[in-house]
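Here is a friendly walk through one model, written to be read with the structure open beside it. Please keep the viewer at hand as you go.

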Amino acid sequence: GYPPSAETKEFWRKIGGNTTTNVPMLQMADGRVFTQSSAVIRAVARMGGLMPTDEVGLYMTDKLLADAEDLRGVGYKSFVPWGATKEEAEAFINKILPLHLGNLERQLK
């Protein structure tokens with residue numbers, strides 16, 4: 001359930017090996033555990049043969065993931081249930097989000 005119990009968080013810390021956060025977490029069949037959003041994405045892409053091998057492709061992958069992380073960071077600050085004002089949420093939707101999406105769109109063309 002959500003929010004997770006203290007016992008659940010402690011279990012995640014134990015198997016994830018990270019004392020701060022372990023969500024998202026990917027536990028492999030062999031017991032290995034991968035944590036941290038972009039690291040999990042990169043690991044899965046490599047395992048599935050989806051990661052580029054050329055220098056430019058790797059750069060663009062890293063760049064797009066970093067841009068997505070930037071967007072996520074400012075997005076979290078706009079969540080009213082997490083303390084943002086309605087004005088801050090609206091400013092995110094009307095001003096900040098279009099800038100970030102425009103950057104992503106430009107790079108993906």
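In helix H2 (residues 37–47), the buried residues are Ser37, Val40, Arg42, Ala43 and Ala45. Buried here means under 20% relative accessible area, exposed means over 50%, and partly exposed is what falls in between, with a 1.4 Å probe and protein chains only. Helices (H or I, at least four residues) and strands (E, at least two) are DSSP runs, numbered from the N terminus. The model is a predicted one, in which local features need pLDDT of at least 70 and side-chain atom pairs count only at pLDDT 80 or more, while totals for chains, interfaces and linings use all residues. Residues are numbered from 1 along each chain as its sequence is written, and side-chain values use heavy atoms, with hydrogens and water left out.

What do the buried residues of H2 pack against? Their partners are strand E1 (25–27), strand E2 (33–35) and H3, with contact meaning heavy atoms within 4.5 Å. Arginine 46 also belongs to helix H2, but this residue is exposed, at 53% relative accessibility. Between arginine 46 and glycine 73 there are 25 Å in space, C-alpha to C-alpha, and the two are 27 residues apart in sequence.

Glutamine 36, in the loop between E2 and H2, has a positive phi of about 80° although it is not a glycine. With a relative accessible area of 37%, glutamine 36 is partly exposed. Just after H2, glycine 49 also takes a positive phi, of about 70°.

Next comes the pairing of H3 and H4. Two packed helices are described by the angle between their axes and the distance between the axes. The axes of H3 and H4 come within 11 Å and cross at roughly 175°, which makes H3 roughly antiparallel to H4. These axes are lines fitted to C-alpha atoms, for helices over the stretch in contact, and angles run from 0 to 180 degrees between N-to-C directions. Angles over 145 degrees count as roughly antiparallel, under 35 as roughly parallel, 65 to 115 as roughly perpendicular and the rest as oblique.

The contact between the two helices involves Met60, Lys63, Leu64, Asp67, Asp70, Leu71, Val74 and Gly75 on the H3 side, and Phe92, Ile96, Leu97, His100, Leu101, Leu104, Gln107 and Leu108 on the H4 side. Is aspartate 67 buried or exposed? Aspartate 67 is buried, with a relative accessible area of 14%. Not counting residues up to four places away in sequence, aspartate 67 touches His100, Leu104 and Gln107.

On helix H4 sits alanine 89, buried at 13% relative accessibility. Leaving aside neighbours within four places in sequence, alanine 89 is in contact with Ser78 and Val80. Alanine 89 and glycine 75 are 14 residues apart in sequence and 8.6 Å apart in space, C-alpha to C-alpha.

The loop between helix H3 (55–76) and helix H4 (86–108) holds tryptophan 82, which is exposed, with a relative accessible area of 57%. Together, Tyr76, Phe79 and Trp82 make a nonpolar surface patch of about 350 Å². Patches are made of residues with over 30% relative accessible area and no salt bridge; like charges are joined within 9 Å, and nonpolar side chains (Val, Leu, Ile, Met, Phe, Trp, Tyr) within 5 Å. The areas come from the Shrake-Rupley method with a 1.4 Å probe, and for residues only the protein chains shown count as cover.

How many salt bridges does the model have? The count comes to 5, where a salt bridge is a side-chain nitrogen of Lys or Arg within 4 Å of a carboxyl oxygen of Asp or Glu. Side chains of opposite charge can pair when their charged atoms come close. Some of the pairs are listed here.

| Salt bridge | N to O distance |
|---|---|
| Arginine 13 and glutamate 10 | 4.0 Å |
| Arginine 32 and aspartate 30 | 2.8 Å |
| Glutamate 69 and arginine 72 | 2.7 Å |

Arginine 13 and glutamate 10 both lie in helix H1 (residues 6–16), 3 residues apart, about one turn of the helix. Arginine 13 is partly exposed at 32% relative accessibility, and glutamate 10 is partly exposed at 48%. Glutamate 69 and arginine 72 are likewise 3 residues apart, in helix H3. Arginine 32 is partly exposed, at 43%, whereas aspartate 30 counts as exposed, at 53%.
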